[in-house]
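Visitor: I've just opened this one and would like a tour. Can you take me through it piece by piece?

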Amino acid sequence: MLKFIPVIVALWAALPFPAEALELVRDSKLLCYILTEPDPPPPIRFAASELAAYIGKTAGLPPCPVSDREIRGLLPLRLRLLNEKSIGDEGYRISVTGKGVEIGANTGTGVLYGTFAFIEKQLGVRWFYPGEEYCPVSGTLAIQEGVLQEKPFFTTRTIQHTHSARGRYLETWNWIVRNRMQLVTDKGSYSLWRKELEERGAVVSAGGHTLVELVSDRLFEKHPEYFALVNGKRIRQVEIKDRRVVKWLSQPCLTHPEVQKMVVDGICKSFETDPKTTQYLIGNNDVPVWCECPDCRKDDNPDEKVRGIVTTRFYKFINRVAAEVHKKHPEAKLLAWAYQSYQDAPLGVKPDPSLEIRLCDHYRCYRHDLGDTSCSRNERFRKLYSDWSRFGNPLVERGYQETLLDTGSYFYLPIESVMARDIQYFKKHSVSGLVYLVTTPEGNFPKDSPYLPMLRERWRCQWQSVYVTARLLWNPDQDYRSVLEEISSRYYGPAWKVMKKYRELLTELYLAAPGHIVYLQPGTDIGRCLSKKGSKEQLLQYLADAGKAAAGDPAVSRRIDREAEYFRLLWLAASEKYQAALNSTVSAAWRNGEIAIDGNLNEPSWQNTTVTGNFVRNASHTKGALTKQTHARVLFDSDFIYFGIEAFEDAPEKILVAETKRDGNVFNDNSIEIFLADPASVYRRFAHWIINSKDAVYDEFYDAASGKKDPGFNFGIESKTVVLKDRIVTEVRIPRKVFSTAPYMDAPWRINLCRNRRLKDGTQELSSWSDGSYGNPETFNPVLIILKNGSFEEVSGASGNSPEGEDGPKNPKDQPLFWSRENRPGECGVMKGDAFAGERFLRLRKEGIHQKIILPEDFSRDLSIRFSARGSGKIAVNMYLYDRKTGKFKKSVPVQSFELRNKTEWESFSVNYPVRGTETLRIAFVVPGEADLDDIRILPVERADLLN
Ligand SMILES: [Zn+2]
Ligand SMILES: [Zn+2]
C-alpha cells in the first residue's frame, strides 16, 4: 500500500527563459482578474473569492474581478481542474508566466490549497490562528515567474477542536484550509452549514463512541442477549438522565449476529442517507467493560486476556463489519481507534488492510518527543507505534495536546519543538499523519463550564505549535526554527528580538525540568520549571521589555499583554503552588543497604526510620472504639517503595485466611490494603492492592472520578507476611515506576494503608491510616521525604537543571540532584563506586552543599541527622534559617563539627537538632579539607508513644 506521497517540487522552479516579474497591481491600479470555468465546484468558487479579496486587500483596494470569461486588458489568474496523476488529490501546480497565473489541481480542494499557497507565498499573507492574520499592503504587486508544484507529505492533517458545541466557526474553518490542513466535520454541522463547509472542501465523518447509537439500549427489555454479560448478568450500555448519557456502562455483545447486523446496517445507512459522508470511525462506548459471554470470550487472545486487553476480539469484530460494509460501499473509508483496553496492537488478528488506525496516545509525555529514548513514559508509546505499524495499515496519531488540568487549563506550553521532532519520528516510522487536539477561540462553550474563559485561549496559548505542525505536515524536512522565526517576526514585529529570548528561555525551562508532562496532570508541574534561580525574574523582564518595544504598535502590544497574562495564569500560579506543596506534608526515609522481603523488619533501614501509627476505625464497617492498632513504616529508593506493616493481634491463630488465587476474594480475609496516588492523576487515579495474610494479592487501577476500574492492572508487587505471637508483619516492595513521577518531586505521592482485621469467630474490625477512610484519595496522607537524595544516587541529568540548583552547577553532569553548592572555591562531584550505601557518594574539597528540608508548618520536634563520611580534617553540619514569609536569610546555626579520622573507611555520625521556630531550614555540610559524604538521613525523632 502506498502510504506517502512524496513532495515533488518545493521551490519556485525557474522556467527555461529568464525569470521576469509579473505585475498584478501597479500604482494602486489592479491589472488582473480571477478566471474560472462557468459554475465551478464550490471550493474553486470559494478560492476565487478569497484570491480576489486578498489581492484587493494587499493593494488597499476592493476585491479584483472574478469572471468565467476573458476580460480584455487584464491578466488572468486562472483556477482550474487538471487531470494529472502525479499531483495527487491534495497537491497543486502554480505556474506564473508572462501571460498570467494558473493554479491547477485534480480536485476542488487541491485548487483551494493551491490558491492559499499562492496568497501566502506571493502576496505575503500569513494566518496566525483563527481570527488573526498578517497582511502586507502595498500599491504595487509584482510576482516572480516560475512553477511551484507541491503535495503534502502526510496524508492525514486534522485539527480536532473539542469541548465546543456545534457552531458556524468560519474563522476556524478558514484557518484550517488556509493553512492546508483538512477540514473534517460531522453530519449535523454539515446539514446546518452545508454551503460554507462545501466551499472549504470539508470531509464528513461519522462514528466515534458509536456502538450505543447503532445498537439501541431500548432493545434491552426484549433482547437482553444483545447486551454485555458481566458478572453473570446482562447490562445496558449507558445510564441516561434527562436524555443525556451520564455514565457509560459497557459494550453490547459483539459476537451476537443480530448486533453485528445492526452495526453493519447502521454504518451503511449513514453512507446512504448523505452521500457526502465519506468516512466512519468505528469506536467503542467510552468505558472498558466488555461482554463475558462464551462466544465473545472465544474471540479473545489468551495472552491479551490475562492482561485485560481486548484488541484481538474487538478487531475481529471490526474486520467482520468492514468486510460487510465494503460489500455495499467499496469506497467507504473506515477508521478504528487504538484506545483504552485495545490500545495495544492485536496478537491474534491482523486488522483489515482497508482500516485507518487512529492511535490514541493519551498519557504520552509532551515534555519529551516520541523519539526521545530518555523518556521512560513514552517507551510504551514507541512500542505501540512500532507494533501497530507492522500491519502496514495507515496509522495516525490522535494527539492529546490539551494536556493539563486545573491552572494548567491555559495550556501555555512551548511544545513546538516537541511537535517538530514528533513529526520526524512519524516520518521515520511510516505514521501517515496526526490529529491535533485544540479548542477554538470561536467555540460555543457551555456557559457554566468551569474552564471558561481559558477554553477560548487554548489555541492562542499554543498557536506557534499548531502553526509549525501545519507547515511540517506538508514538508517535514523544513527546519521548524526557521518556520518559527519567519512567523514570529511577523507576529511580534518590533518586539520579536526580545520575545525571541523570552520564548527560548521558556522553552529551555520547560524542556529541562525533570519529570514528564502528561494528560490530566496538575499544572503545578509547570511550577517546577521556574525553580531555577532568577528564571522567573528574567522572563518577567523580557515581557516588560517586549511591552516597551511594542509600544507604538497596538496589535503587537495586545499580543504581548496576552502572553504576559498566560504566563501569570499558568506559570506563575503553578510556581506558587509548587513552592507551597514543597513546604507542607509526613516522613519516609531513603533505603540504606539491602532489604530482604521476608516479613522481618530487622534491616537497619527499617530500624532507623519513623514508625507511623494511629490507624482510625472505619465508621461504616466497625462499631465501637478501635481495639487493635497497626504501625507502618515507609522507605524509598530509586526503584522501589517499601512498606513495613505491623498489625497487632492478640489471637493471631484465629485470623481468617482462605483465598490463595490472585485477584480473588482477598478482601474478605484478614488483610491489609495499600493505596497509592500520584499527582500526575491529580490524585484521582490510584493503584490499589489488597494482600491477605497468606500473601494472595488483589490489585487494580482505579479512577475515582469515573468509578472505572482497570482490573488488568498487575504491577510487580512482592510481599511476605509472617504471623508472630502478637502481630502480623507484612513486608512489601512495589516498583516506583507504577507512576511516572518521582514521589518526592513536585507534589508528593499520597498513600493510604488499611487493615481488614477478620477472625474466624466473625470478629471484624476495619481501620485505616487516613482517618478510617479507604479509597478516597482526598484523604490520603502525603508522604514526606524530609531530605531528598541523601544517598547521592541521583545525579542531575543531561539537562543540568537541578530543581533546586540555584547556583548553577559548574559541571552539571555529576552534581547531586536537589543539593546546592556553597560556591566556595573548591570542588564538588558525585563519584561512583566504593560508596557507603548504593553506588554513588559525594566528594567535597574546600566546598559545602546545602538543601532545603521540608517540614510541616507546625512541626515542633527534634530532628535526627545521620550520615557517613571519610576523609581528613573536619566536616561541619550547619543549619541555615530563613524567614518563612519573606524568604530572607536570618542566620546560620552551627549544629556540630565532626573530626574525620579515616581517609579510607566510612564512619557514621549522628546529631539531633531541635526544630522549634517557624523558620524555613536548609541543612548544610561544609568541608574545609577533603571528605567523602554518603547516606545522609534526616527523620523526626520518634514519638515514644508509638514505640512498642
Ligand atoms: Zn458476548
Ligand atoms: Zn517524558
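Guide: Start with helix H3, residues 170-178, which is mostly covered, with seven of its nine residues buried. Keep in mind that this is a predicted model.

Visitor: Which residues in H3 are buried?

Guide: They are Thr172, Trp173, Asn174, Trp175, Ile176, Val177 and Arg178.

Visitor: Where is Arg180 found?

Guide: Arg180 is in the loop between H3 and strand S13 (184-185).

Visitor: And is Arg180 buried or exposed?

Guide: Buried, because its relative accessible area is 5%, and buried means under 20%.

Visitor: What about Asp242, what is its phi?

Guide: Phi of Asp242 is near 50°, which is positive, and Asp242 is not a glycine either. Asp242 sits in the loop between strand S17 (238-241) and strand S18 (244-248).

Visitor: Is Asp242 buried or exposed?

Guide: Asp242 counts as exposed, because its relative accessibility is 75% and the cut-off for exposed is over 50%.

Visitor: Let's switch to the metal. Which residues hold the zinc ion (ligand 1) as its protein donors?

Guide: Cys253, Cys291, Cys293 and Cys296, each through its SG atom. These donors lie 2.3 Å from the zinc ion.

Visitor: What geometry does the site of the zinc ion have?

Guide: Tetrahedral, with angles of 106 to 117° among the four donor atoms. For comparison, the ideal angle for four tetrahedral donors is 109.5 degrees.

Visitor: How are the donors spaced along the chain?

Guide: They follow C-x37-C-x1-C-x2-C.

Visitor: Are Cys291 and Cys296 buried or exposed?

Guide: Both Cys291 and Cys296 are buried.

Visitor: On to helix packing. How do helix H7 and H10 cross?

Guide: The axes of H7 (residues 257-273) and H10 come within 9 Å and cross at roughly 45°. H7 and H10 are therefore oblique to each other. Their crossing is right-handed. On the H7 side, the contact is made by Gln260, Val263, Val264, Ile267, Cys268, Phe271 and Glu272. H10 brings Phe317, Arg320, Val321, Glu324, Val325 and Lys328.

Visitor: What do the buried residues of H11 pack against?

Guide: H10 (311-328) is one of the partners, and the others are strands S20 (333-338), S21 (356-360) and S22 (395-398), plus helix H12 (416-428). H11 covers residues 379-389, and its buried residues are Phe381, Arg382, Leu384, Tyr385, Asp387 and Trp388.

Visitor: And H15 with H16, at what angle do their axes cross?

Guide: At roughly 125°, with the axes of H15 (residues 480-492) and H16 (residues 496-512) coming within 9 Å. That angle makes H15 oblique to H16. H15 passes H16 in a right-handed crossing.

Visitor: Which residues meet there?

Guide: Glu485, Ser488, Ser489 and Tyr492 in H15 meet Trp496, Met499 and Lys500 in H16.

Visitor: How does H16 pack with H18?

Guide: H16 and H18 (residues 535-549) have axes 8 Å apart, at an angle of about 155°. That makes H16 roughly antiparallel to H18. H16 passes H18 in a left-handed crossing. From H16, the residues taking part include Met499, Tyr502 and Leu505. Among those they meet in H18 are Leu539, Tyr542 and Leu543.

Visitor: Now some strands. Where is Arg843 found?

Guide: Arg843 is in strand S41, residues 840-853. Arg843 counts as partly exposed, because its relative accessibility is 30%. Arg843 and Ala869 are 26 residues apart in sequence, and their C-alpha atoms are 9.6 Å apart in space.

Visitor: What is Arg843 in contact with?

Guide: Leaving aside neighbours within four places in sequence, its contacts include Glu827, Met831, Arg870, Glu930 and Asp932.

Visitor: Last one. Is Thr920 buried or exposed?

Guide: Thr920 is buried, with a relative accessible area of 17%. Thr920 belongs to strand S45, residues 920-940. Setting aside neighbours within four places in sequence, Thr920 is in contact with Lys852, Tyr880, Leu881, Tyr882, Asp883 and Arg884.

Notes
Residues numbered from 1 in each chain as written. Chains lettered and ligands numbered in written order. Predicted model: local features only at pLDDT ≥ 70, side-chain atom pairs only at ≥ 80, totals over all residues. Heavy atoms only, no water. Donors = N, O, S within 2.8 Å, 3.2 Å for Na, K, Ca; no water. Tetrahedral: all angles 85-135°; square planar, octahedral: opposite > 155°, others 65-115°. Buried < 20%, exposed > 50% of the residue type's maximum accessible area, 1.4 Å probe, protein only. Axes fitted to C-alpha atoms, helices over the stretch in contact; angles between N-to-C directions. Helix = DSSP H or I, 4+ residues; strand = E, 2+ residues; numbered from the N terminus. Parallel < 35°, antiparallel > 145°, perpendicular 65-115°, else oblique. Left-handed = near helix turned anticlockwise from the far one by under 90°. Contact = heavy atoms within 4.5 Å.
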